[in-house]
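Subject: Salt bridges in the attached structure

Hello,

Here is the structure I said I would pass on. Please have a look at it before reading my notes, which follow below.

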Amino acid sequence: TRPSIRSMCQVLAVATLSACGLFGPESSAVVIVTDVASANQPTRFTVRNGGSHVVFVSRCGDHVRPVVDRLGDDGWLNAMGSACQDNVSQAPLALGPGEARVDGVTISQPGTYRLRVALTRESVNAPSLSVVSPRFVVR
């Protein structure tokens, strides 16, 4: 038997944005925590702002909008894009210092995956970086 999603191990990824980079003189950290999942079952993930400035993450409506990559023979390939309907908000979602956002994505095929979430310091017309989760396996 497989354990429930609540009892599964969590994988922790920390992406630290350098002090000289997009986020100015102070380092800022964004953390992605991903539940291990089974195919066709929701994989929960949490994006947490561990820094001291507001950051903005990509969104579709009320959801964080990740890009899903699958590890293949030639490296990481886009497995699931981040398409969003035109009639819902796609404005970046603000995460204040210490705030977190929990969301989910359903992956249909077993394999090794990672999530990428676009991240900016401003809500519009700003250059962005991608915060990348560690790899996780969908069985």
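This is a predicted model. My notes concern the salt bridges, of which the structure holds 3.

The Asp-35 pair

Asp-35 and Arg-44 meet through their side chains in a salt bridge, at 3.0 Å from N to O. Asp-35 has a relative accessibility of 4% and counts as buried, because the cut-off for buried is under 20%. Arg-44, at 39% relative accessibility, counts as partly exposed.

The Asp-69 network

Asp-69, Arg-114 and Arg-116 are linked in a network of salt bridges. The side chains of Arg-114 and Asp-69 meet at 3.0 Å, N to O. That pair links distant parts of the chain: Arg-114 lies in strand S11 (residues 111-120) and Asp-69 in strand S7 (residues 67-72), with the two 45 residues apart.

The side chain of Asp-69 also meets that of Arg-116 in a salt bridge, with an N to O distance of 2.5 Å. Here too the pair links distant parts of the chain, from Asp-69 in strand S7 to Arg-116 in strand S11, 47 residues apart.

Is Asp-69 buried or exposed? Its relative accessible area is 3%, so Asp-69 is buried. Arg-116 has a relative accessibility of 23% and therefore counts as partly exposed.

As background, side chains of opposite charge can pair when their charged atoms come close.

Regards

Conventions. Residues are numbered from 1 along each chain as its sequence is written. This is a predicted model: local features need pLDDT of at least 70, side-chain atom pairs count only at pLDDT 80 or more; totals for chains, interfaces and linings use all residues. Side-chain values use heavy atoms; hydrogens and water are left out. A salt bridge is a side-chain nitrogen of Lys or Arg within 4 Å of a carboxyl oxygen of Asp or Glu. Buried means under 20% relative accessible area, exposed over 50%, partly exposed in between (1.4 Å probe, protein chains only). Helices (H or I, at least four residues) and strands (E, at least two) are DSSP runs, numbered from the N terminus.
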